[in-house]
Amino acid sequence: MKSIRIGTRNSALALWQAREVARYLQNNNYTTEIMPILSSGDKNLNQPLYALGITGVFTRDLDTALLNDEIDIAVHSLKDVPTKLPQHTELIAYLERDYPQDVLIRKESAKNKEFHELNLATSSLRRRAFWLKYYPEATFSDIRGNIQTRLQKLEEQDFDATILSLAGIKRMKMDIDYEMLPLMIPAPSQGVIAVAGHSDKKEINEIVRQINHKPTQICVEIERNFLSTLEGGCTAPIGAFAEIFDDQIRFKAALCSLDGKNCIATDENFTYNESENFGEKYAKIVLENGGKELMAEIKSQI
C-alpha cells in the first residue's frame with residue numbers, strides 16, 4: 001500500500017500530534033508522509049475565536065484538503081473539531097487522552113498575587129466564565145497564538161498570567177512553572193488527539209481504526225454529545241469531562257453565563273452501556289433546568 005498522507009496544521013504542537021499518529025501507524029508497519037497545511041485560525045491571531053463568527057476555524061482547511069484528496073487523514077486536537085462534521089468526513093480514531101487539565105502560568109512579577117488580583121490573558125469564553133464564577137471582579141486581556149507565542153506575549157505585555165492546556169506544555173516538554181486549576185472543567189475532549197478520514201476511503205480508515213483507544217473514545221463521545229445537544233459551538237462557555245473506571249463513568253459538566261454568575265452544573269456517576277446516549281441525557285437535564293434560556297442569552301451576547 002502507498003504511504004498514508006497525514007494532514008496537519010503547521011504549528012509545533014500540531015506537528016507533534018501528527019508525528020504521534022505517524023508513530024502508531026509505523027508501529028503497525030505502515031509508511032506515512034506528514035503534510036503541513038496553514039489553517040485559517042493560525043492566519044488571524046488578532047481577533048479572539050468567538051469574534052470570527054465561525055466554528056471549525058482550525059479544521060476547515062484540513063477538511064478541504066481531505067475532501068480534495070490532497071491528504072488521506074487529518075490529525076486534530078479534538079477540542080477544536082465541531083460536533084457537526086462536513087459531509088463525507090468522519091472521526092475514525094482517538095489516541096489515548098493524556099492531560100485534560102487547564103493550568104495557570106504567571107509572569108514572575110505576579111507570582112505573589114492572589115487569584116482575584118490577576119489580570120488574566122485568555123480569549124476562551126469558557127475559561128473567562130469559569131474564572132468569573134469564583135472571581136467576579138477579574139479583568140481580562142485577549143491573547144491568541146500557539147503556546148510559544150502566548151508565553152512570549154505574557155512576558156512582553158501588560159497582564160499577569162494566562163491559562164493554557166496542560167497537554168500542550170507536556171507534549172512540547174516545556175520546563176515552566178504552572179498551577180493546577182481544580183475550579184476549571186476542561187473543554188469537551190480537551191487533551192485528545194483525533195484522526196479524521198474521508199468516508200469513501202474504507203481501506204485507509206480500517207487501518208487507522210487499529211490505533212483507536214476505545215476508553216478515550218467512550219469518554220469523548222459523551223462529552224461531545226453533551227456539547228452538541230446544548231448546541232454549543234467550540235467557543236461557548238461549556239465544560240465537560242468524563243472518566244472511565246472499568247464500566248463506571250464519572251461525568252462532570254457545566255454551562256456558564258458569560259459573566260460567570262449563572263452556572264448550571266451536573267456531576268454524575270453511572271454504569272456505561274453502548275445503547276444509551278449519556279451526553280445527550282445529561283445535556284437535556286441542563287437545558288430543562290434553565291440551560292435553554294441561558295444558551296439563548298449567550299448566543300445573543302457573542
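Student: Which residues have the most contacts inside the largest nonpolar core?

Tutor: A nonpolar core is a set of buried Ala, Val, Leu, Ile, Met, Phe, Trp, Tyr and Cys residues joined through side-chain atoms within 4.5 Å. Buried means under 20% relative accessible area, exposed over 50%, and partly exposed in between, with a 1.4 Å probe and protein chains only. Here the largest such core has 30 residues, and those with the most contacts inside it are I6, V21, L25, I73, V195, V208 and I211. Helix α1 (residues 12-27) supplies the largest share of this core, five residues. A second, separate core of 23 residues includes A240, A242, V286 and I298.

Student: What is the basis of these values?

Tutor: This is a predicted model, in which local features need pLDDT of at least 70 and side-chain atom pairs count only at pLDDT 80 or more, while totals for chains, interfaces and linings use all residues. Residues are numbered from 1 along each chain as its sequence is written, and side-chain values use heavy atoms, with hydrogens and water left out.

Student: What does V195 touch?

Tutor: Contact means heavy atoms within 4.5 Å. Not counting residues up to four places away in sequence, V195 touches V21, I73, A74, E90, L91, I92, A93 and V208.

Student: How is a helix such as α1 read, and what do its buried residues pack against?

Tutor: Helices (H or I, at least four residues) and strands (E, at least two) are DSSP runs, numbered from the N terminus. The expected span of a helix is 1.5 Å times one less than its number of residues. An α-helix has 3.6 residues a turn, so residues three or four places apart point the same way. In this model α1 has 16 residues and reaches 22 Å from its first C-alpha to its last, close to the 22 Å expected. Its buried residues are A14, W16, Q17, A18, E20, V21, A22 and L25. They pack against β1 (4-8), β2 (32-36), β3 (73-77), α7 (166-171), β10 and α8. Just after α1, N29 takes a positive phi of about 70 degrees.

Student: How far apart are the end C-alpha atoms of α10?

Tutor: Helix α10 (residues 278-301) has 24 residues, but its end C-alpha atoms are only 29 Å apart, short of the 34 Å that a straight helix would reach. The bend at a residue is the angle between axes fitted to the seven residues ending there and the seven starting there. In α10 there is a kink of about 80 degrees, centred on G290.

Student: Which residues of α10 are buried, and what covers them?

Tutor: F278, G279, Y282, A283, V286, G291, L294, M295 and I298 are buried in α10. Their cover includes α9 (214-229), β11 (238-245), β12 (248-256) and β13 (263-271). G291 has a relative accessible area of 0%. Leaving aside neighbours within four places in sequence, G291 is in contact with L255, I264 and V286. The C-alpha atoms of G291 and A254, 37 residues apart along the chain, are separated by 9.7 Å. At the N-terminal end, N277 caps α10: a side-chain oxygen lies 3.5 Å from the backbone nitrogen of G279.

Student: How many aromatic pairs does the structure hold?

Tutor: Rings of Phe, Tyr and Trp (its six-membered ring) pair if their centres lie within 6.5 Å; planes under 30 degrees apart count as stacked, over 60 as edge-to-face and the rest as tilted. The structure holds eight aromatic pairs. One of them, F115 and W131, is tilted, at 5.1 Å centre to centre and 35 degrees between the planes. F115 lies in the loop between β5 (102-106) and β6 (119-121) and W131 in helix α5 (residues 125-134), so the pair ties together parts that are 16 residues apart in sequence. The rings of F270 and F278 have their centres 4.2 Å apart and their planes at 20 degrees, so this pair is stacked. F270 is buried at 8% relative accessible area, and F278 is buried at 3%. F226, F251, F270, Y272, F278 and Y282 form one aromatic cluster.

Student: Where does K201 lie, in a loop or in a helix?

Tutor: K201 lies in the loop between β10 and α8 (202-209). K201 is buried, with a relative accessible area of 18%. A polar contact is a pair of N or O atoms within 3.5 Å; within protein, one must be able to donate a hydrogen and the other to accept it, and residues adjacent in sequence count only if both atoms are side-chain atoms. The side chain of K201 makes such a contact with the side chain of D72, at 2.7 Å.
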